[in-house]
Amino acid sequence: MPSEGRCWETLQALRSSDKGRLCYHRDWLLRGEDVLEECMSLPKLSSYSGWVVDHVLRHTQENPLSSETAASSGSTLTLGQPSSGPKSPVRTPTFSPSSSVTPDGAEGKHKFQYTEPMVLQSSRGIKVEGCIRMYELVHRMRGTEGLRQWQEEQERKVRALSEMASEQLKRFDERKELKQHKEFQDLREVMEKSSREALGHQEKLKAEHRHRAKILNLKLREAEQQRLKQVEQERLRKEEGQIRLRSLYALQEEVLHLNQQLDASEQHRDTLKFDLSAFRTRGNQLCSLVSGIIRATSENGFPTAEDQAVAERALQEMRDLLTSLQQEITRACENKRRQDEEAAQEKQQESKMQQGPEAPRETPAPNQGPGGKQNEDLQVKVQDSTMQWYQQLQEASNQCVLAFEELTNSKDSQAKKIKMDLQKAATIPVSQISTIAGSKLKEIFDKIHSLLSGKPVQCGGHSVSVTLNPQGLDFVQYKLAEKFVKQGEEEVASHHEAAFPIAVVASGIWELHPRVGDLILAHLHRKCPYSVPFYPAFKEGMALEDYQRMLGYQVKDSKVEQQDNFLKRMSGMIRLYAAIIQLRWPYGSRQEIHPHGLSHGWRWLAQILNMEPLSDVTATLLFDFLEVCGNALMKQYQVQFWKMILLIKEDYFPRIEAITSSGQMGSFIRLKQFLEKCLQRQEIPVPKGFLTSSFWRS
């Protein structure tokens, strides 16, 4: 049917129009119920349908459209574009030419006035309405599906955005929490750092306080020590001053005594016709000098060393003056005697010539000394047998030195190493001897005995033996003996109790190796000649330093050691010797006699009492010897020993006292008090540090 064809053409034209090509808006659901009402209401032609039929279809088709078809097409177009404008469910607004606009923007030429939309009642209208509704249904379904997909996509996006926002919120919270944690951690670190700094500062202040307190204590201690030192120096100065004053008094007394001898020689003036006025004048001057020194010191306090030296020089000059006077008197007496003899001979010749040959008269006998006999006196020199024994020991020591001379002077590094190892192996064990337990002492003895027997011993982490060098045994024996004596010189001198453990080891080694004992005696006699006893004499042409060394003094750089140090060393060596002669090694053979026993101690005591005493030396050595060995001698010789003690007290004490100056009376008083106490108790006490049986069980 033509009308049916035009309907589709109208729809095709509407589809090709600008509005037909418009896309559906996805926000059509926002209209809500209005959209649903439009879908359910009867289709109505749009107010533009007439204009579309009159203008659009006229150009696209040859046959013009009737107004009725145009109205139907307009209604269809309106149905095809439900979203083009707002529609009322019953009525549509009246279209006026003034409000209508053409597609090209110009106002419409025709004016349409619709008061009521038309309702299609024909079959063609029903078909058009059906097509329109189908078209709308399809587009509605498509829109619904698109809307659903869009909603789902939006929901997905919303969920994704929500999840992303949630994750970002979590990250934000985490970053915020991390930042807070870092800030808290930084704050805590700052607080801890400040706390540590405060504690460090506090500790520093405490340390500074302790340091300052320590410095103050040191200063106080130094000040106290300085004060005590000054007090001690003042006390020593006073003591030295008193000693010098007493010495000055003794010097003055001796000078006055010598001056009296000068005055006593005046009796020879007339006999010898010799002028003694010069001697007497000088003697009076020296007496006045010493008296003036004493008067000056009594006014100023105590005498100085210079005052004492001046007084000593004055005394020496007085002695020289008296000696010169005696020499002059002797020469004058000799000249007078010679002159008398010549005169007597001349008279005899004259008488012979006058009397002729007669029997000669007997010449008078030579004059005897005062009292008619010579004075008995003690010896000054040592006995010949003792001197011979002393020389034999020194010769044996010198031969031993020559025996290992090649080892000593060797330039070979291996030989030097062997020498050093042997010296350490010999001297270190002796240095370790002290008041230790007996078991330790036995280990030291066994080590020394093994070394001397040729067995290897450990020293410095490696094995050492005297068999490493042919001269090794001689070297070890010499160094071992030297070390024993040196221990007496140093260790025993400082610690008297150490004499007994050193002596018992030395005695045991002496018993098993006699040559070591001879070398010990040789070293002892060389360093302490009073242990022989032997008083070396000064020989003409001998240097003073050499003579002082012979006496036992140590001379370094032309300086002689102090008398106190000298006596201390001599005391240590005599104590060691006195301990050796009374001790035996307890683990040795008791069948053999002691190689150098108490008989040698008795011999030494008897010989030293038969010799003139030495000032300060004899009293010191007698006290040390009797304190260490007196108890053993008392048990061995009993009555004979007490007779010797009485002899010392009654006869020898006056001799010692006569040669001892007032400043050297300490050793004499100590010996005198010791012997008087022993005589009172009738017993010599056991020396301190003596080795008992409990010592060897420890």
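**Aromatic cluster.** I started with a group of rings in this predicted model. Y530, Y535, Y553 and F566 form one aromatic cluster.

**Ring pairs.** How many aromatic pairs did the count give? I got 14 aromatic pairs. I picked out Y390 and F534 and looked at how their rings are set. Their ring centres are 5.2 Å apart and the planes meet at 45°, so I noted this pair as tilted; the tilted class is what is left between under 30 degrees for stacked and over 60 for edge-to-face.

Then I checked where the two partners sit. Y390 is in helix α9, which covers residues 384-403, while F534 is in the loop between α15 (514-527) and α16 (544-550). The pair therefore ties together parts that are 144 residues apart in sequence. Buried or exposed, I wondered about Y390 and F534? Both Y390 and F534 turned out to be buried.

Next I went back to two members of the cluster, Y530 and Y535. Their ring centres are 6.0 Å apart with the planes at 55°, so this pair is tilted. I looked up accessibility for each. Y530 has 3% relative accessibility, so it counts as buried. Y535 comes out at 13%, and it counts as buried because the cut-off is under 20%.

**Charges over rings.** I also looked for charged ends sitting over rings, and wrote down two cases. K442 has its charged end over the ring of Y587, at 5.3 Å from the ring centre. The charged end of R670 sits over the ring of F623, and here the distance to the centre is 5.0 Å.

**Helix α13.** I moved on to a helix, α13, which runs over residues 472-494 and has 23 residues. From its first C-alpha to its last it reaches 32 Å, close to the 33 Å expected at 1.5 Å a residue. Where does α13 bend? I found the bend at G488, and it is about 30°. I then checked how covered the helix is: 17 of the 23 residues in α13 are buried, so I wrote it down as mostly covered.

**A305.** My last stop was A305, which lies in helix α8 (residues 305-355). Its relative accessibility is 46%, so A305 counts as partly exposed. I also looked at its separation from E240. A305 and E240 are 65 residues apart in sequence, and in space their C-alpha atoms are 9.2 Å apart.

Technical notes:
Residues numbered from 1 in each chain as written. Predicted model: local features only at pLDDT ≥ 70, side-chain atom pairs only at ≥ 80, totals over all residues. Heavy atoms only, no water. Phe/Tyr/Trp six-rings, centres within 6.5 Å; stacked < 30°, edge-to-face > 60°. Helix = DSSP H or I, 4+ residues; strand = E, 2+ residues; numbered from the N terminus. Buried < 20%, exposed > 50% of the residue type's maximum accessible area, 1.4 Å probe, protein only. Lys NZ or Arg CZ within 6 Å of the ring centre and 35° of its normal. Expected span 1.5 Å × (residues − 1). Bend = angle between axes of the 7 residues up to and from the residue.
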